[in-house]
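Hello,

Here is the structure we discussed. My notes follow below it.

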Amino acid sequence: MSESPAASPKSKSMDDIVALCRRRGFIWQSSEIYGGINGFWDYGPLGAELKRNLKDAWWHDIVKCPPAGPHGDIIDMVGVDCTIIMNPKVWVASGHVGGFNDPMIDDKETKQRFRADHFYGLFITMKLKAEPVALANLVAKGNSGFLTDEWKLIKTYVGTFSEVCQANHFFNPGTKVGALKVQLGTTTYSAYDGYPGENPISESVRMHLVDKAGNELLGYLLPISIAYATENAAAIPSPFNDKAGSLTEPRQFNLMFESYIGAVRDDENRAYLRPETAQGIFCNFKNVVDTSRVKVPFGIAQVGKAFRNEVTPRNFTFRSREFEQMEIEFFIRPETANEWYRYWRDARFAWWKSIGLAGDNLQLREHDKDELAHYAKDGAGTCDIEYRFPFTAPGFGELEGVAHRTDFDLRQHARHSGLGDKLKYFDQELQVQMQAQGASKEEIAERSKYFPHVIEPSAGADRGTLALLCEAYTADPGRPSGVFMKFDPRMAPIKAGVFPLVNKEGMPEVAHKLYLELRQKWNIEYDPKSSIGKRYARMDEAGTPYCFTIDGDTLTAGTVTVRDRDTLKQGERIALDKVGAFLAEKVG
């Protein structure tokens, strides 16, 4: 059988992927026996291996063997492992206590809560002979959630309507609204053509609606503005129970998890679970410089858990309340920011491609100015490395952000900690260069001690693992399993299966000896039971690249059969004592 083509994420079913993850032990809902808990996930045996392979590859390629710099120089990179709970003043300095908020709306009856800026409404107009145009321009300018004066603006773009309705259906984020039926008076309209169907709402969508007589309307699923939700809170029906008056006005909600240190629960003992791993790196900047032989430019890397009290965790592990980050803070001279930003942007994009995400499903997107975080407003740039998940298709979801954070964080910690200039970096090499150039003592003193700027590549280990799962999932009706996981061998949770053809005649003993040899270096599956077809099917669903079968010829000729996951070829035989070398060449 020839190699099976991978389906595009748009054609893959997220339900099928989630079902396989649960069936084969990749990912389960946390505390499932008690009904689970929203926004938290556990990794089973295969999932733990897959995620570990991803993190180990990142650590090896970033910390142990970082790529050469833009001029071919060796990059200095060291690792740290900081605590989840830090002094709460850290989060005051970073801006999280005062500014890490999202506008939220509560349903007072159902107790549901969702982000106000993810609130969608269906806006309907009577469709005239002339097709309305340029509504996208209004959405791009932020004129969504239309107020009365905005309706007048719409008319100037799309012509005169015989009837213009306010939004009459409302949806919270992630809603699968299905085959929408719209009731206007006594007439029922059905959506068709351009409607998202069963996909969750995630972007503005234009749709046509038609009644039984063929009368047609034009509708738009558009985000509700904060102003509209505030002014019309009493009149907007809840997306959970269709009752008007049960929604609160939008209000700010801090996303950090609170905890308390010690026995007394009061303000003095309040602490927070870290919402990002970066601040531990910044707080230890001086410690690293003082104890390590690093010189600007250099990086500090960390892999660790972070926590955000997401109001609407959704899309499997994509948006969770507990997640793991793989972050680099790369410290540079301020004048080199453009060069280093481009370097890390391109290097990180290439790395994701190298582990199996190459192709049209991966893209690099530069941020517009209005998207930039507070620390990057004056920076060289910010971009996202994005993957096209089944639940975002045809759009993309973020895997990693690369940002020029300027010197914002070090300056903030210098001010809030009281250390001031003690957190500055003394650039001895720059001092020597300036002395050789004849610079004045005053200029040397001013320029050779500074707060370094920072380029931050920040990747999600959970999102990366999910992208690997989605990319690998490949339907193949010709296989007994009906599907196989086409992982890059470096990422595959199980590198090889070792199987005796039958569980007798000395084959299990030979197979087990080979298994013990190979597992010294790789994660290997040994399975002497069931039919060989069923064992192959299990390995297909686990994404195992190769299987080695011990059969009668092994006992007489000392060779084993190699089964290739992708091509299904089983004709190749190699010497028993060459299996380790074969596997090393294929999977590393």
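How do the residues lining the second largest cavity divide into nonpolar, polar and charged? They split into 6 nonpolar, 1 polar and 3 charged. Here Ala, Val, Leu, Ile, Met, Phe, Trp, Tyr, Cys and Pro count as nonpolar, Asp, Glu, Lys and Arg as charged, and the others, Gly among them, as polar.

First, the ground rules. This is a predicted model: local features need pLDDT of at least 70, side-chain atom pairs count only at pLDDT 80 or more, and totals for chains, interfaces and linings use all residues. Residues are numbered from 1 along each chain as its sequence is written, and side-chain values use heavy atoms, with hydrogens and water left out.

**Cavity**
The second largest cavity has a volume of about 50 Å³. Helices α10 and α14 each supply at least two lining residues (helices are DSSP runs of H or I, at least four residues).

**Helix pair**
α10 (residues 337-357) and α14 (residues 461-472) pack at about 45 degrees, with axes 11 Å apart. Axes are lines fitted to C-alpha atoms over the stretch in contact. The contact (heavy atoms within 4.5 Å) involves Trp-352, Ile-355, Gly-356 and Leu-357 of α10, and Gly-464, Ala-467, Leu-468 and Glu-471 of α14.

**Asn-53**
Asn-53 sits in helix α2 (residues 45-64). Its relative accessibility is 14%, so Asn-53 counts as buried (under 20%).

Regards

Note on methods
Axes are lines fitted to C-alpha atoms, for helices over the stretch in contact, and angles run from 0 to 180 degrees between N-to-C directions. Buried means under 20% relative accessible area, exposed over 50%, partly exposed in between (1.4 Å probe, protein chains only). On a 1 Å grid over the protein atoms alone, a cavity is a set of points where a 1.4 Å probe fits but cannot get out, and a pocket is an open set with protein on both sides within 12 Å along at least five of seven lines; lining residues have an atom within 4 Å of a point. Grid points are joined across faces, edges and corners, and a volume is the space filled by probe spheres set on the points.
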